[in-house]
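Here are a few friendly notes to read alongside the model. Keep the structure open and find each residue as you go.

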Amino acid sequence: MLARRKFISQAAKAAIITAAGPAATLLAHAASGSADAKLPDSYRGVSGSRSLKAHAHRHGLVYGSAVIVRVLENDLEYAELIAEQCGIVVPSNELKWVALRPAPDKYDFTRPDFLLRFAKSHKMLMRGHTLCWHASVPAWIKTPENAARTRQFFVDHITTVCRHYAGKLQSWDVVNEAIQPSDGEPGGLRKSFWYQQMGPDYIDLAFRTARAADPHAKLTYNDYGVEYDNDEEAERRRRILDMLRGMKQRGVPIDAVGIQSHIKAAQPYTFGKGLADYMDAIQQMGLEIYLTELDVNEDDIASNDLAERDAIIARTYSDYLHVALANPAVKLVLTWDISDRFTWLNNGPTHRRKQPNRPQRSLPFDRDYRPKPAFLAIRESFDHRSVT
Ligand code: XIL
(Lines give C-alpha, C1' and ligand atoms only; values in the text may rest on other atoms or scores of the structure.)
Protein backbone atom coordinates (compact mmCIF):
# COMPACT_ATOMS: atom_id res chain seq x y z
CA MET A 1 0.00 0.00 0.00
CA LEU A 2 2.74 2.41 1.05
CA ALA A 3 4.83 1.68 -1.99
CA ARG A 4 1.90 2.42 -4.27
CA ARG A 5 1.30 5.82 -2.74
CA LYS A 6 4.98 6.57 -2.87
CA PHE A 7 5.03 5.77 -6.55
CA ILE A 8 2.15 8.11 -7.35
CA SER A 9 3.86 10.99 -5.56
CA GLN A 10 7.20 10.22 -7.18
CA ALA A 11 5.53 10.39 -10.54
CA ALA A 12 4.81 14.07 -9.96
CA LYS A 13 1.32 13.31 -8.80
CA ALA A 14 1.75 14.90 -5.38
CA ALA A 15 -1.36 16.97 -5.98
CA ILE A 16 -3.46 13.85 -5.87
CA ILE A 17 -2.27 12.92 -2.42
CA THR A 18 -2.34 16.35 -0.84
CA ALA A 19 -5.53 17.64 -2.46
CA ALA A 20 -8.72 17.70 -0.45
CA GLY A 21 -11.94 16.40 -1.98
CA PRO A 22 -12.23 13.19 -3.98
CA ALA A 23 -8.54 12.39 -3.72
CA ALA A 24 -8.58 12.73 0.06
CA THR A 25 -11.60 10.43 0.22
CA LEU A 26 -9.78 7.90 -1.89
CA LEU A 27 -6.80 7.99 0.39
CA ALA A 28 -8.96 7.62 3.48
CA HIS A 29 -10.66 4.67 1.82
CA ALA A 30 -7.37 3.07 0.92
CA ALA A 31 -6.11 3.55 4.46
CA SER A 32 -9.20 1.95 5.98
CA GLY A 33 -7.95 -1.57 5.32
CA SER A 34 -7.49 -4.11 2.58
CA ALA A 35 -9.91 -4.36 -0.34
CA ASP A 36 -11.24 -7.56 1.21
CA ALA A 37 -12.92 -5.73 4.10
CA LYS A 38 -15.96 -4.74 2.09
CA LEU A 39 -16.57 -8.08 0.42
CA PRO A 40 -18.99 -10.89 1.09
CA ASP A 41 -17.38 -13.94 2.75
CA SER A 42 -17.22 -15.98 -0.44
CA TYR A 43 -14.86 -13.40 -1.94
CA ARG A 44 -12.49 -12.92 0.95
CA GLY A 45 -8.97 -13.30 -0.22
CA VAL A 46 -8.43 -11.79 -3.63
CA SER A 47 -5.04 -10.23 -3.00
CA GLY A 48 -1.47 -11.51 -2.60
CA SER A 49 -1.24 -15.25 -3.20
CA ARG A 50 -4.97 -15.23 -4.03
CA SER A 51 -4.78 -12.61 -6.78
CA LEU A 52 -5.25 -13.32 -10.47
CA LYS A 53 -1.56 -12.69 -11.09
CA ALA A 54 -0.47 -15.20 -8.42
CA HIS A 55 -2.79 -17.94 -9.67
CA ALA A 56 -1.76 -17.27 -13.27
CA HIS A 57 1.91 -17.44 -12.34
CA ARG A 58 1.49 -20.88 -10.77
CA HIS A 59 0.25 -22.18 -14.12
CA GLY A 60 2.82 -20.73 -16.46
CA LEU A 61 0.83 -17.60 -17.28
CA VAL A 62 1.06 -13.88 -16.80
CA TYR A 63 -2.28 -12.18 -16.11
CA GLY A 64 -2.84 -8.50 -16.73
CA SER A 65 -5.15 -5.79 -17.95
CA ALA A 66 -5.58 -2.92 -20.35
CA VAL A 67 -5.42 0.38 -18.52
CA ILE A 68 -6.80 3.84 -19.28
CA VAL A 69 -3.78 5.85 -18.16
CA ARG A 70 -5.77 9.01 -17.30
CA VAL A 71 -7.75 6.92 -14.80
CA LEU A 72 -4.63 5.36 -13.33
CA GLU A 73 -3.13 8.80 -12.78
CA ASN A 74 -6.13 10.01 -10.77
CA ASP A 75 -7.72 7.05 -9.03
CA LEU A 76 -5.58 5.55 -6.29
CA GLU A 77 -7.94 2.71 -5.58
CA TYR A 78 -7.85 1.70 -9.22
CA ALA A 79 -4.06 1.96 -9.24
CA GLU A 80 -3.93 -0.31 -6.22
CA LEU A 81 -6.24 -2.83 -7.84
CA ILE A 82 -4.11 -2.94 -10.98
CA ALA A 83 -0.91 -3.32 -8.95
CA GLU A 84 -2.49 -6.04 -6.83
CA GLN A 85 -3.93 -8.17 -9.64
CA CYS A 86 -1.70 -7.63 -12.68
CA GLY A 87 1.64 -8.99 -13.80
CA ILE A 88 1.37 -7.06 -17.07
CA VAL A 89 -0.39 -3.94 -18.33
CA VAL A 90 -1.13 -2.45 -21.74
CA PRO A 91 -2.39 1.06 -22.46
CA SER A 92 -5.91 0.89 -23.97
CA ASN A 93 -5.47 3.77 -26.41
CA GLU A 94 -2.40 5.81 -25.52
CA LEU A 95 0.01 4.08 -27.92
CA LYS A 96 -2.28 4.22 -30.92
CA TRP A 97 -1.44 6.66 -33.72
CA VAL A 98 -4.22 9.12 -32.95
CA ALA A 99 -3.10 9.53 -29.32
CA LEU A 100 0.63 9.40 -29.96
CA ARG A 101 0.88 11.53 -33.14
CA PRO A 102 -1.17 14.73 -32.75
CA ALA A 103 0.81 16.20 -35.68
CA PRO A 104 3.30 14.88 -38.25
CA ASP A 105 6.27 16.25 -36.33
CA LYS A 106 5.01 15.55 -32.81
CA TYR A 107 5.08 12.45 -30.61
CA ASP A 108 3.40 12.55 -27.22
CA PHE A 109 4.78 9.79 -25.00
CA THR A 110 3.62 11.34 -21.71
CA ARG A 111 0.87 8.89 -20.81
CA PRO A 112 2.42 5.64 -21.98
CA ASP A 113 5.66 6.69 -20.24
CA PHE A 114 3.69 7.19 -17.02
CA LEU A 115 2.28 3.68 -17.37
CA LEU A 116 5.73 2.25 -17.98
CA ARG A 117 7.07 3.87 -14.79
CA PHE A 118 4.05 2.56 -12.89
CA ALA A 119 4.62 -0.94 -14.29
CA LYS A 120 8.31 -0.86 -13.46
CA SER A 121 7.76 0.35 -9.90
CA HIS A 122 5.40 -2.60 -9.32
CA LYS A 123 7.60 -5.11 -11.15
CA MET A 124 5.00 -5.56 -13.84
CA LEU A 125 5.60 -6.12 -17.53
CA MET A 126 4.10 -3.88 -20.18
CA ARG A 127 2.89 -4.56 -23.73
CA GLY A 128 2.60 -2.10 -26.56
CA HIS A 129 -0.67 -1.73 -28.50
CA THR A 130 -0.54 -0.97 -31.42
CA LEU A 131 1.77 0.23 -34.21
CA CYS A 132 -0.74 -0.24 -37.00
CA TRP A 133 -4.55 -0.34 -36.83
CA HIS A 134 -7.17 0.61 -39.40
CA ALA A 135 -9.22 2.41 -36.74
CA SER A 136 -6.49 4.74 -35.51
CA VAL A 137 -5.32 6.78 -38.48
CA PRO A 138 -4.80 10.48 -37.73
CA ALA A 139 -6.63 12.98 -39.94
CA TRP A 140 -3.39 14.76 -40.90
CA ILE A 141 -1.98 11.73 -42.71
CA LYS A 142 -5.01 11.54 -44.98
CA THR A 143 -4.36 14.87 -46.72
CA PRO A 144 -3.31 14.20 -50.34
CA GLU A 145 0.28 15.39 -49.91
CA ASN A 146 0.85 13.45 -46.69
CA ALA A 147 -1.00 10.37 -47.93
CA ALA A 148 1.49 10.24 -50.81
CA ARG A 149 4.23 9.88 -48.17
CA THR A 150 2.42 7.25 -46.09
CA ARG A 151 5.19 4.70 -46.35
CA GLN A 152 7.78 7.14 -45.05
CA PHE A 153 5.55 8.23 -42.15
CA PHE A 154 4.81 4.59 -41.36
CA VAL A 155 8.46 3.52 -41.19
CA ASP A 156 9.44 6.65 -39.23
CA HIS A 157 6.60 6.10 -36.76
CA ILE A 158 7.39 2.47 -36.07
CA THR A 159 11.12 3.21 -35.82
CA THR A 160 10.68 6.15 -33.44
CA VAL A 161 8.14 4.47 -31.19
CA CYS A 162 9.94 1.11 -31.00
CA ARG A 163 13.27 2.82 -30.32
CA HIS A 164 11.69 4.92 -27.57
CA TYR A 165 10.67 1.72 -25.76
CA ALA A 166 13.48 -0.56 -26.97
CA GLY A 167 14.25 -3.25 -24.40
CA LYS A 168 11.43 -2.09 -22.11
CA LEU A 169 8.31 -3.79 -23.42
CA GLN A 170 7.49 -7.49 -23.23
CA SER A 171 5.75 -7.40 -26.61
CA TRP A 172 4.26 -5.19 -29.31
CA ASP A 173 1.02 -5.64 -31.23
CA VAL A 174 2.77 -4.68 -34.44
CA VAL A 175 -0.25 -5.10 -36.69
CA ASN A 176 -3.80 -5.20 -35.38
CA GLU A 177 -6.85 -6.55 -37.26
CA ALA A 178 -5.42 -6.79 -40.80
CA ILE A 179 -7.82 -9.52 -41.93
CA GLN A 180 -11.40 -8.86 -43.08
CA PRO A 181 -12.48 -11.45 -45.67
CA SER A 182 -15.75 -9.61 -46.40
CA ASP A 183 -13.71 -6.72 -47.91
CA GLY A 184 -13.07 -9.05 -50.87
CA GLU A 185 -9.34 -8.34 -51.19
CA PRO A 186 -6.74 -11.03 -52.05
CA GLY A 187 -5.67 -13.01 -48.97
CA GLY A 188 -8.71 -11.74 -47.08
CA LEU A 189 -6.78 -8.57 -46.24
CA ARG A 190 -8.71 -5.65 -44.83
CA LYS A 191 -9.10 -2.66 -47.13
CA SER A 192 -7.62 -0.30 -44.55
CA PHE A 193 -5.94 3.04 -45.14
CA TRP A 194 -2.55 1.34 -44.68
CA TYR A 195 -3.38 -1.38 -47.19
CA GLN A 196 -4.75 1.06 -49.71
CA GLN A 197 -1.69 3.31 -49.50
CA MET A 198 1.04 0.68 -49.33
CA GLY A 199 -0.44 -2.58 -50.65
CA PRO A 200 -0.24 -5.97 -48.91
CA ASP A 201 3.48 -5.60 -48.15
CA TYR A 202 2.79 -3.13 -45.33
CA ILE A 203 2.46 -6.03 -42.89
CA ASP A 204 5.95 -7.46 -43.51
CA LEU A 205 7.33 -3.92 -43.54
CA ALA A 206 5.84 -3.20 -40.12
CA PHE A 207 7.36 -6.31 -38.54
CA ARG A 208 10.79 -5.85 -40.11
CA THR A 209 10.90 -2.21 -39.08
CA ALA A 210 9.84 -3.02 -35.53
CA ARG A 211 12.48 -5.75 -35.15
CA ALA A 212 15.23 -3.46 -36.40
CA ALA A 213 14.27 -0.79 -33.85
CA ASP A 214 13.67 -3.11 -30.86
CA PRO A 215 15.23 -6.57 -31.09
CA HIS A 216 13.83 -7.62 -27.68
CA ALA A 217 10.05 -7.12 -27.76
CA LYS A 218 8.04 -10.14 -28.89
CA LEU A 219 6.44 -9.06 -32.14
CA THR A 220 2.78 -9.98 -32.27
CA TYR A 221 0.01 -10.15 -34.86
CA ASN A 222 -3.30 -9.45 -33.07
CA ASP A 223 -6.84 -10.10 -34.31
CA TYR A 224 -10.43 -10.86 -33.29
CA GLY A 225 -13.26 -13.06 -34.49
CA VAL A 226 -11.43 -16.39 -34.30
CA GLU A 227 -12.88 -17.84 -31.12
CA TYR A 228 -16.13 -19.52 -32.15
CA ASP A 229 -17.05 -22.68 -34.02
CA ASN A 230 -18.89 -21.09 -36.92
CA ASP A 231 -18.25 -20.63 -40.63
CA GLU A 232 -17.46 -16.93 -40.54
CA GLU A 233 -14.81 -17.32 -37.86
CA ALA A 234 -13.44 -20.48 -39.53
CA GLU A 235 -12.82 -18.36 -42.64
CA ARG A 236 -11.07 -15.67 -40.57
CA ARG A 237 -8.86 -18.30 -38.90
CA ARG A 238 -7.97 -19.83 -42.28
CA ARG A 239 -6.99 -16.43 -43.71
CA ILE A 240 -4.90 -15.48 -40.68
CA LEU A 241 -3.06 -18.82 -40.72
CA ASP A 242 -2.33 -18.44 -44.45
CA MET A 243 -0.96 -14.96 -43.81
CA LEU A 244 1.21 -16.20 -40.92
CA ARG A 245 2.59 -19.10 -42.98
CA GLY A 246 3.51 -16.68 -45.75
CA MET A 247 5.28 -14.42 -43.27
CA LYS A 248 7.23 -17.34 -41.81
CA GLN A 249 8.26 -18.46 -45.32
CA ARG A 250 9.48 -14.98 -46.16
CA GLY A 251 11.48 -14.85 -42.93
CA VAL A 252 9.43 -12.02 -41.45
CA PRO A 253 10.27 -11.59 -37.75
CA ILE A 254 7.13 -12.57 -35.82
CA ASP A 255 7.06 -14.16 -32.36
CA ALA A 256 3.46 -14.34 -31.23
CA VAL A 257 -0.19 -14.23 -32.19
CA GLY A 258 -2.76 -12.32 -30.16
CA ILE A 259 -6.27 -13.68 -29.88
CA GLN A 260 -8.29 -10.67 -28.76
CA SER A 261 -10.92 -12.83 -26.99
CA HIS A 262 -13.82 -10.36 -27.07
CA ILE A 263 -16.32 -13.13 -26.42
CA LYS A 264 -20.08 -13.01 -25.95
CA ALA A 265 -22.47 -14.55 -23.48
CA ALA A 266 -25.64 -16.37 -24.56
CA GLN A 267 -24.40 -17.33 -28.03
CA PRO A 268 -25.61 -20.26 -30.11
CA TYR A 269 -22.00 -21.10 -31.06
CA THR A 270 -19.47 -23.08 -29.00
CA PHE A 271 -15.78 -22.73 -28.22
CA GLY A 272 -14.15 -25.95 -29.32
CA LYS A 273 -12.33 -27.63 -32.18
CA GLY A 274 -12.09 -24.53 -34.34
CA LEU A 275 -10.22 -22.57 -31.69
CA ALA A 276 -8.16 -25.55 -30.50
CA ASP A 277 -7.00 -26.40 -34.05
CA TYR A 278 -6.21 -22.74 -34.74
CA MET A 279 -4.05 -22.58 -31.64
CA ASP A 280 -2.31 -25.86 -32.48
CA ALA A 281 -1.45 -24.52 -35.92
CA ILE A 282 0.02 -21.36 -34.41
CA GLN A 283 1.98 -23.37 -31.86
CA GLN A 284 3.36 -25.59 -34.63
CA MET A 285 4.75 -22.51 -36.34
CA GLY A 286 6.81 -21.95 -33.19
CA LEU A 287 4.84 -18.88 -32.14
CA GLU A 288 3.57 -17.92 -28.69
CA ILE A 289 -0.11 -17.18 -28.14
CA TYR A 290 -1.47 -14.27 -26.09
CA LEU A 291 -5.10 -13.75 -25.09
CA THR A 292 -4.87 -10.01 -25.41
CA GLU A 293 -8.27 -8.35 -24.85
CA LEU A 294 -10.47 -10.79 -22.97
CA ASP A 295 -13.95 -9.63 -21.94
CA VAL A 296 -17.55 -10.83 -22.17
CA ASN A 297 -20.19 -8.84 -24.04
CA GLU A 298 -23.43 -9.70 -22.23
CA ASP A 299 -25.93 -7.81 -24.40
CA ASP A 300 -27.60 -11.03 -25.50
CA ILE A 301 -28.50 -12.20 -21.99
CA ALA A 302 -32.28 -11.86 -21.76
CA SER A 303 -32.58 -11.88 -17.97
CA ASN A 304 -32.23 -8.65 -16.02
CA ASP A 305 -31.49 -10.51 -12.81
CA LEU A 306 -27.98 -9.50 -11.69
CA ALA A 307 -27.04 -12.82 -10.13
CA GLU A 308 -28.25 -14.70 -13.16
CA ARG A 309 -26.38 -12.41 -15.54
CA ASP A 310 -23.19 -12.66 -13.50
CA ALA A 311 -23.43 -16.45 -13.47
CA ILE A 312 -23.86 -16.63 -17.26
CA ILE A 313 -20.91 -14.24 -17.77
CA ALA A 314 -18.76 -16.33 -15.43
CA ARG A 315 -19.68 -19.52 -17.28
CA THR A 316 -18.78 -17.88 -20.59
CA TYR A 317 -15.31 -17.11 -19.23
CA SER A 318 -14.92 -20.70 -17.97
CA ASP A 319 -16.09 -22.28 -21.22
CA TYR A 320 -13.70 -20.14 -23.25
CA LEU A 321 -10.67 -20.47 -21.01
CA HIS A 322 -11.19 -24.23 -20.70
CA VAL A 323 -10.39 -24.51 -24.42
CA ALA A 324 -7.98 -21.60 -24.78
CA LEU A 325 -5.70 -22.36 -21.83
CA ALA A 326 -5.26 -26.00 -22.83
CA ASN A 327 -2.63 -24.96 -25.38
CA PRO A 328 0.83 -24.69 -23.77
CA ALA A 329 1.85 -21.91 -26.18
CA VAL A 330 -0.48 -19.53 -24.30
CA LYS A 331 1.69 -17.28 -22.13
CA LEU A 332 -0.37 -14.16 -21.44
CA VAL A 333 -3.98 -13.47 -20.51
CA LEU A 334 -5.07 -9.83 -20.44
CA THR A 335 -8.59 -8.61 -19.84
CA TRP A 336 -9.60 -5.40 -21.65
CA ASP A 337 -9.60 -3.39 -18.43
CA ILE A 338 -10.31 -4.98 -15.07
CA SER A 339 -13.39 -3.10 -13.78
CA ASP A 340 -16.85 -2.72 -15.31
CA ARG A 341 -16.51 0.99 -14.65
CA PHE A 342 -14.14 1.26 -17.61
CA THR A 343 -15.20 -1.42 -20.07
CA TRP A 344 -15.19 -0.10 -23.64
CA LEU A 345 -18.48 -1.97 -24.10
CA ASN A 346 -20.21 0.79 -22.15
CA ASN A 347 -18.61 3.54 -24.27
CA GLY A 348 -20.17 5.13 -27.27
CA PRO A 349 -23.76 5.65 -28.30
CA THR A 350 -26.24 3.57 -26.33
CA HIS A 351 -28.47 3.06 -29.37
CA ARG A 352 -25.83 0.69 -30.72
CA ARG A 353 -26.36 -1.53 -27.70
CA LYS A 354 -29.01 -4.17 -27.49
CA GLN A 355 -29.58 -3.24 -23.83
CA PRO A 356 -29.17 0.56 -23.87
CA ASN A 357 -30.22 1.01 -20.25
CA ARG A 358 -28.16 -1.80 -18.84
CA PRO A 359 -24.44 -1.15 -18.27
CA GLN A 360 -22.41 -4.23 -19.07
CA ARG A 361 -20.90 -6.31 -16.27
CA SER A 362 -18.16 -7.72 -18.48
CA LEU A 363 -15.04 -7.78 -16.35
CA PRO A 364 -13.72 -9.53 -13.21
CA PHE A 365 -14.37 -6.54 -10.90
CA ASP A 366 -17.55 -4.48 -10.73
CA ARG A 367 -17.71 -0.69 -11.01
CA ASP A 368 -16.89 -0.36 -7.30
CA TYR A 369 -13.87 -2.65 -7.67
CA ARG A 370 -15.49 -5.61 -5.95
CA PRO A 371 -14.75 -9.04 -7.41
CA LYS A 372 -17.61 -10.85 -9.13
CA PRO A 373 -18.26 -14.45 -10.20
CA ALA A 374 -16.23 -13.64 -13.33
CA PHE A 375 -13.17 -13.12 -11.11
CA LEU A 376 -13.59 -16.57 -9.57
CA ALA A 377 -14.23 -18.15 -12.98
CA ILE A 378 -11.00 -16.72 -14.39
CA ARG A 379 -8.99 -17.67 -11.32
CA GLU A 380 -10.37 -21.21 -11.30
CA SER A 381 -9.67 -21.52 -15.01
CA PHE A 382 -6.01 -20.72 -14.30
CA ASP A 383 -6.01 -23.39 -11.58
CA HIS A 384 -7.50 -26.01 -13.89
CA ARG A 385 -4.75 -25.51 -16.42
CA SER A 386 -2.69 -28.69 -16.51
CA VAL A 387 0.26 -27.25 -18.45
CA THR A 388 2.74 -25.29 -16.37
C1 XIL B 1 -10.89 0.25 -27.95
C2 XIL B 1 -10.75 1.10 -26.68
O3 XIL B 1 -10.98 0.29 -25.56
C4 XIL B 1 -11.74 2.23 -26.73
O5 XIL B 1 -11.55 3.09 -25.63
C6 XIL B 1 -11.57 3.01 -28.03
O7 XIL B 1 -12.57 3.99 -28.11
C8 XIL B 1 -11.65 2.11 -29.22
O9 XIL B 1 -10.71 1.06 -29.08
N10 XIL B 1 -9.90 -4.10 -30.39
C11 XIL B 1 -8.71 -3.47 -30.14
C12 XIL B 1 -8.65 -2.36 -29.17
O13 XIL B 1 -7.68 -3.91 -30.64
O14 XIL B 1 -7.67 -1.40 -29.51
C15 XIL B 1 -9.98 -1.68 -29.03
O16 XIL B 1 -9.89 -0.73 -27.95
C17 XIL B 1 -11.06 -2.70 -28.75
C18 XIL B 1 -11.18 -3.65 -29.91
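1. Start at Trp336: one of its polar side-chain atoms lies 2.9 Å from an oxygen atom of the ligand. Please keep in mind that this is a predicted model.

2. Glu293 places a polar side-chain atom 2.8 Å from an oxygen atom of the ligand. For Asn93, the distance from a polar side-chain atom to a ligand oxygen is 2.9 Å.

3. How much of the ligand does the protein bury? Taken alone, the ligand exposes 410 Å², and the protein buries 78% of that. The space the ligand takes up is the largest pocket.

4. Next, turn to the shell. The residues surrounding the ligand include Lys96, His129, Trp133, Asn176 and Glu177. Also among them are Gln260, His262, Trp344 and Asn347. Which kinds of residue make up this shell? It divides into 6 polar, 3 nonpolar and 3 charged residues. Trp133, Trp336 and Trp344 belong to the shell, and Trp counts as nonpolar here.

5. Finally, leave the ligand and look at the salt bridges. The structure holds 20 of them. One joins the side chains of Arg211 and Asp255, with 3.0 Å from N to O. Where do the two partners sit? Arg211 is in helix H12 (residues 202-213), while Asp255 is in the loop between helix H13 (231-249) and strand E6 (256-259).

Technical notes:
Residues are numbered from 1 along each chain as its sequence is written. This is a predicted model: local features need pLDDT of at least 70, side-chain atom pairs count only at pLDDT 80 or more; totals for chains, interfaces and linings use all residues. Side-chain values use heavy atoms; hydrogens and water are left out. A residue is near a molecule or strand if one of its heavy atoms lies within 4 Å of it. A polar contact is a pair of N or O atoms within 3.5 Å; within protein, one must be able to donate a hydrogen and the other to accept it, and residues adjacent in sequence count only if both atoms are side-chain atoms. Accessible areas come from the Shrake-Rupley method with a 1.4 Å probe; for residues, only the protein chains shown count as cover. On a 1 Å grid over the protein atoms alone, a cavity is a set of points where a 1.4 Å probe fits but cannot get out, and a pocket is an open set with protein on both sides within 12 Å along at least five of seven lines; lining residues have an atom within 4 Å of a point. A molecule sits in a cavity or pocket if more than half of its atoms lie within 2 Å of its grid points. A salt bridge is a side-chain nitrogen of Lys or Arg within 4 Å of a carboxyl oxygen of Asp or Glu. Helices (H or I, at least four residues) and strands (E, at least two) are DSSP runs, numbered from the N terminus.
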